[in-house]
Amino acid sequence: MSDIAGTKPALRWVVHASVLFLVVLWVVPTLGLLISSFRTADQIATSGWWRSLFPSEQNLTQRSAAPDTQVLENGLYVIEGNLFDEGTKATISKWGVSSRAVDAFSPGETAELRKGGTITVDAKGNYRMENPEEFTGSRGSRVFATAELPPEFTLDNYHKVLLAEDSTDSMGRAFFNTLTVTIPATIIPILVAAFAAYALAWMDFPGRALIIAAVVGLLVVPLQLALIPLLKFHLNIGIGKGYLGVWMAHTGFGLPLAIYLLRNYMAGLPRDLIENARVDGATEFQIFTKLILPLSFPALASFAIFQFLWTWNDLLVAKVFLIDASGQTTVMTNRIVELLGTRGGNWEILATAAFVSIIVPLIVFFAMQKYLVRGLLAGSVK
Amino acid sequence: MHPAFQGLLTIAIGVSGCVGYFYLSNQFLDRVLFPPRGPNAGRNINRANMIRPWLFLFPALAALGLYLAYPVVETLRLSLTDRVPGGGYKWVGLDNYIQMAKEPKFWEAMRNNMFWLIIVPAMSTAFGLLVAQLTDRIRWGNLAKSLIFMPMAISFVGASVIWKLVYDTRPAEQDQIGMLNALYIFFGGTEPQTWLTIPFWNSFLLMVVLIWIQTGFAMVILSAALRGIPEETIEAAILDGANPFQIFFRIKVPQIKTTILVVWTTITITVLKVFDIVFAMTNGQWETQVLANYMYDKLFRANDWGVGSASAMVIMLLVAPILVWNVRNARQEME
């Protein structure tokens with residue numbers, strides 16, 4: 001019945017087109033970074049990533065081999081070679097030997113070199129320089145070529161970012177550090193919150209409503225407020241900056257949402273179930289571990305995803321509570337910010353590093369989207 | 001010790017510590033303190049049941065108190081004091097707030113934050129509602145929603161890198177590698193722009209990043225709300241000859257008003273806390289400062305805890321109305 005409105009063909013078409021437009025708008029920025037991470041530094045710097053999907057025409061400046069490779073053939077000094085690296089399948093359409101006339105010649109034609117001699121370049125980039133006198137100088141001649149290059153992708157960036165040992169670009173250590181922060185910071189608050197949520201949902205005691213209200217209130221307290229007081233506290237009790245501190249901080253900041261989500265879910269479990277268990281003589285501890293925890297799995301999973309995404313993606317808490325001057329405990333988000341500062345122009349490193357840090361949450365996201373949605377629906381205060 | 005191993009060990013200790021605490025404290029209560037047998041069995045059971053909730057709650061309350069409640073008070077105190085060289089604090093009253101109010105950077109942050117607070121929740125909610133409605137009845141709607149939801153999983157820092165590439169600028173004679181400049185040139189722009197350095201407008205380009213992330217959130221919640229609307233109301237409207245736009249704006253939107261409000265406030269809170277995007281993309285240069293980044297600057301660059309805490313209190317003050325509203329709603333719901 002309500003489909004009547006949607007069955008007009010023109011309107012239907014508009015709906016499909018606008019959804020497609022929005023999806024493209026939302027996906028394309030990420031796609032751009034992903035594609036860039038598979039391109040070489042030169043490619044990224046000289047052409048937009050969208051061009052890399054098609055053969056591209058580029059203006060290249062190449063250099064012939066140096067004069068010390070010349071050989072004497074029938075009284076002529078000759079230098080031969082190819083302008084491109086081995087394996088590059090470029091097709092030259094125009095070329096030149098002066099920066100003022102970069103497209104003066106077609107493939108197969110011969111040009112006079114400024115310093116004497118001639119050069120012939122064919123479409124594949126093979127060149128032959130001839131000169132009755134010896135070529136001089138330490139460097140080869142410049143050749144300007146307009147060439148069509150096929151799409152080309154490389155895994156070198158990932159190799160460099162993940163495995164390079166000495167390099168400052170390495171994300172390998174930061175990856176493990178992030179993991180070290182994330183896993184305990186996800187598990188511990190779940191455990192602590194589950195017990196508290198059970199007490200708030202199914203035990204009767206004075207002050208219960210007050211505590212629930214306080215938890216709802218704390219949901220929105222900005223963690224900015226906690227930075228200085230807690231850093232001071234950590235320094236006073238001797239934890240200083242380190243993993244223990246960051247685990248505790250994430251636990252504290254994650255608890256309100258965890259308690260809120262779990263309490264709401266547990267309060268919705270059937271009353272009979274719990275009362276029957278009580279009548280049968282089960283202790284509260286048994287009811288909790290054998291009955292409530294397994295039944296609350298969906299809510300536990302929802303919160304676990306939230307907390308995982310939040311701790312994995314966090315920058316501020318790690319910067320304040322974890323990363324000290326030595327930089328040994330840096331996390332990926334912090335590495336990326338550093339790269340943005342020091343290597344703002346090196347898109348191949350940046351794009352790859354960013355993708356290494358994005359990929360894990362994306363996998364979790366697509367694998368467990370169902371629980372994430374459920375958690376969002378339960379977690380937004382009504 | 002390798003940090004990964006250290007991490008595993010801590011998980012083991014932390015988890016078994018937690019479980020051990022809960023198990024042993026319950027055992028202690030039931031076996032030693034108030035055993036449910038002997039002459040006072042009945043009284044003991046009652047007493048044990050009075051204490052037990054607090055055993056379950058203790059770790060959570062301790063963590064909440066220490067990590068969220070205490071800092072609010074302590075930050076308030078710090079904002080009213082100054083550090084004395086050599087240690088200690090002295091009471092300075094509202095001096096830090098006055099000093100802050102005299103800084104143009106603070107007012108710049110306030111002004112920008114106001115724009116952020118209006119535009120980001122509005123645009124995210126509007127886009128979210130649009131997508132939720134459009135994808136409701138098309139076959140590949142779930143796929144579309146999934147893809148628009150995806151940025152939720154990406155960190156603010158990752159999103160900053162993604163969008164910095166979009167906003168990238170190359171000299172005029174070169175090919176543009178940033179999409180925005182490429183489009184700008186394609187549609188007749190003459191000079192490539194360094195977008196992030198254009199005061200006033202650059203803040204909006206930063207907001208785009210957060211809107212891009214938050215739309216998925218709004219969409220998920222609003223999509224569920226739209227599905228919850230009773231079919232009869234829509235059927236009645238169709239029978240009365242309402243067109244699709246009337247159905248959407250007059251029938252559907254009014255029925256999900258509360259949900260829209262919830263989405264709006266939730267995004268508002270996120271906006272107030274947003275730090276990473278500005279920190280990573282411009283670091284507050286070119287007049288893009290926001291409160292959260294201003295505070296970070298004061299605390300950790302200028303090392304001025306007084307003014308830093310004062311600006312944190314300003315953020316808290318802006319959140320306070322939402323806090324009160326949430327608590328009131330939650331209490332009403334419980335009754």
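**View 1. A:Glu73 and A:Leu76 sit at a strand pairing of chain A.** In E3(A), A:Leu76 is the bridge partner of A:Glu73. The model shown here, as in every view, is predicted. E2(A) and E3(A) run antiparallel and are joined by three bridges. The two strands form a hairpin, with two residues between them.

View 2. E3(A) covers residues 76-82, and E7(A) covers residues 126-131. Six bridges join these strands, which run antiparallel. A:Gly81 has A:Tyr127 in E7(A) as its bridge partner. A:Tyr77 stands opposite A:Asn131 in E7(A).

**View 3. Five strands of chain A make an open sheet.** Read across the sheet, the order is E2-E3-E7-E6-E5. The pairing is antiparallel. Which strands are the edge strands? They are strand E2 (71-73) and strand E5 (110-112) of chain A, and each pairs on one side only. From one strand to the next, the twist averages 30 degrees.

**View 4. Helices H4 and H10 of chain A pack against each other.** H4(A) spans residues 172-202, while H10(A) spans residues 297-313. Their axes are 9 Å apart, and the packing angle is about 145 degrees. The crossing of H4(A) and H10(A) is right-handed. On the H4(A) side, the residues that meet H10(A) are A:Thr178, A:Val181, A:Thr182, A:Ala185, A:Thr186, A:Pro189 and A:Ile190. On the H10(A) side, they are A:Leu300, A:Phe303, A:Ala304, A:Gln307, A:Phe308, A:Thr311 and A:Trp312. By class, the residues of this contact are nine nonpolar and five polar, with no charged ones.

**View 5. Helix H1 of chain A packs on helix H5 of chain B.** This view brings two chains together. The crossing of the two helices is left-handed. From H1(A) come A:Val19, A:Leu22, A:Val23, A:Trp26 and A:Val27. They meet B:Ala144, B:Leu147 and B:Ile148 in H5(B). The residues of this contact are eight nonpolar, no polar and no charged.

**View 6. Helix H5 of chain B also packs on helix H8 of chain B.** H8(B) covers residues 201-227. The axes of H5(B) and H8(B) are 8 Å apart, at an angle of about 140 degrees. That angle makes H5(B) oblique to H8(B). B:Lys145, B:Ile148 and B:Phe149 are the residues of H5(B) in this contact. Their counterparts in H8(B) are B:Thr215, B:Gly216, B:Met219, B:Val220 and B:Ser223. By class, the contact has four nonpolar, three polar and one charged residues. B:Ile148 links this view to the previous one: B:Ile148 is among the residues of H5(B) that H1(A) meets, and B:Ile148 is also among those that meet H8(B).

View 7. 94 residues of chain A are in contact with 99 residues of chain B. Which element gives the largest share of the side of chain A that touches chain B? It is H4(A), with 15 residues. By class, that side of chain A has 69 nonpolar, 22 polar and three charged residues.

**View 8. The domain assignment divides both chains.** In chain A, the assignment gives domain 1 (4-51), domain 2 (55-149) and domain 3 (160-379). The C-alpha centres of domain 2 and domain 3 of chain A lie 60 Å apart. In chain B, the assignment gives domain 1 (1-58) and domain 2 (98-334). Taken over C-alpha atoms, the centres of domain 1 and domain 2 of chain B are separated by 44 Å.

Terms used
Residues are numbered from 1 along each chain as its sequence is written. Chains are lettered from A and ligands numbered from 1 in the order in which they are written. This is a predicted model: local features need pLDDT of at least 70, side-chain atom pairs count only at pLDDT 80 or more; totals for chains, interfaces and linings use all residues. Axes are lines fitted to C-alpha atoms, for helices over the stretch in contact, and angles run from 0 to 180 degrees between N-to-C directions. Helices (H or I, at least four residues) and strands (E, at least two) are DSSP runs, numbered from the N terminus. A crossing is left-handed if the near helix is turned anticlockwise from the far one by less than a right angle, and right-handed if clockwise. Two residues are in contact if their C-beta atoms, placed from the backbone, lie within 7 Å. Ala, Val, Leu, Ile, Met, Phe, Trp, Tyr, Cys and Pro count as nonpolar, Asp, Glu, Lys and Arg as charged, and the others, Gly among them, as polar. Domain bounds come from an automatic or database domain assignment. Two strands pair if DSSP finds at least two bridges between them. Angles under 35 degrees count as roughly parallel, over 145 as roughly antiparallel, 65 to 115 as roughly perpendicular and the rest as oblique.
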